[in-house]
Amino acid sequence: MRTAIYPGSFDPVTFGHLDIIQRASHVMDHLIVGVLNNNSKSPLFSVEERVKMLKEVTAHLPNVEVQSFGGLLVDFAVQSKASVIIRGLRAITDFEYELQMSQTNRKIAPNVDTIFFTTNLKYAYLSSSIVKEVAMFGGNIDEFVPPMIAQYVRDKFEQKQ
Ligand code: ADP
């Protein structure tokens with residue numbers, strides 16, 4: 001059984017993330033979406049909210065599980081018996097950081113390898129930050145996230161006002 005972890009902040013999950021989740025779930029037996037519990041990034045959504053949203057939008061994918069984690073990603077991978085880390089690459093700007101991270105992770109845990117999925121061109125520009133920036137100024141985010149996530153984002157900005 002080949003298990004992979006797809007880690008990230010997912011603040012919030014976008015169509016770009018979902019595309020990677022769907023594609024990775026086809027090539028792996030079991031995919032764990034790992035939601036990083038990282039307070040230093042001061043996320044818009046709490047880790048519990050991000051996990052809940054991801055569970056809702058991946059409910060139709062039977063081999064996908066969603067969990068939060070803190071600390072070192074490779075420790076979470078080893079605990080979860082995952083041999084693969086999945087990451088998405090949008091542009092060359094992602095590459096340098098991702099290369100360094102994957103090499104560091106391999107140094108710490110030689111049995112865990114990183115597999116990169118190149119972005120679907122439709123979503124190459126898309127990031128959680130862009131979604132938040134557009135939503136903050138009342139813009140339409142329906143092209144960026146599923147309808148239920150768009151509603152959560154709108155509600156969150158309304159609460160903040
Ligand atoms: P992180 O804070 O770890 O970068 P993100 O939630 O921003 O977390 O991203 C998680 C992963 O998803 C990263 O590998 C990132 O490159 C990838 N990703 C994000 N948006 C897209 C997209 N539009 N297309 C492909 N991959 C993406």
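Predicted model: local features only at pLDDT ≥ 70, side-chain atom pairs only at ≥ 80, totals over all residues.
Another polar contact (a pair of N or O atoms within 3.5 Å) involves Leu 126, where a polar backbone atom is 2.9 Å from a nitrogen atom of the ligand. Arg 90 takes part through its side chain, with a polar atom 3.4 Å from a ligand nitrogen. The protein covers 89% of the 550 Å² of accessible area that the ligand has on its own; such areas come from the Shrake-Rupley method with a 1.4 Å probe.

A word on the ground rules: residues are numbered from 1 along each chain as its sequence is written. Local features need pLDDT of at least 70, side-chain atom pairs count only at pLDDT 80 or more, totals for chains, interfaces and linings use all residues, and side-chain values use heavy atoms, with hydrogens and water left out.

## The shell around the ligand

The shell holds 15 residues, and Tyr 6, Ser 9, Lys 41, Gly 88 and Tyr 123 come nearest; a residue belongs here if one of its heavy atoms lies within 4 Å of the ligand. By class, six are nonpolar, six polar and three charged, with Tyr counted as nonpolar and Gly as polar.

## The largest pocket

The ligand takes up the space of the largest pocket, meaning that more than half of its atoms lie within 2 Å of the pocket's grid points. A pocket is an open set of points on a 1 Å grid over the protein atoms alone, where a 1.4 Å probe fits, with protein on both sides within 12 Å along at least five of seven lines; lining residues have an atom within 4 Å of a point. Its volume is about 1100 Å³, the space filled by probe spheres set on the points.

In all, 45 residues line the largest pocket, and Pro 7, Gly 8, Ser 9, Lys 41 and Arg 87 lie nearest its centre. Helix 4 (92-108) is among the elements that supply at least two lining residues, and its share of eight is the largest. Helices here are DSSP runs (H or I) of at least four residues.

## The second largest pocket

About 160 Å³ of space lies in the second largest pocket. Its lining includes Ala 135, Met 136, Phe 157 and Gln 161. Helix 5 and helix 6 (147-160) each give two or more residues to this lining, with helix 6 giving the most, four. The lining divides into four nonpolar, four polar and two charged residues.

Definitions and conventions. Polar contact = N/O pair within 3.5 Å; in protein donor to acceptor, adjacent residues only side chain to side chain.
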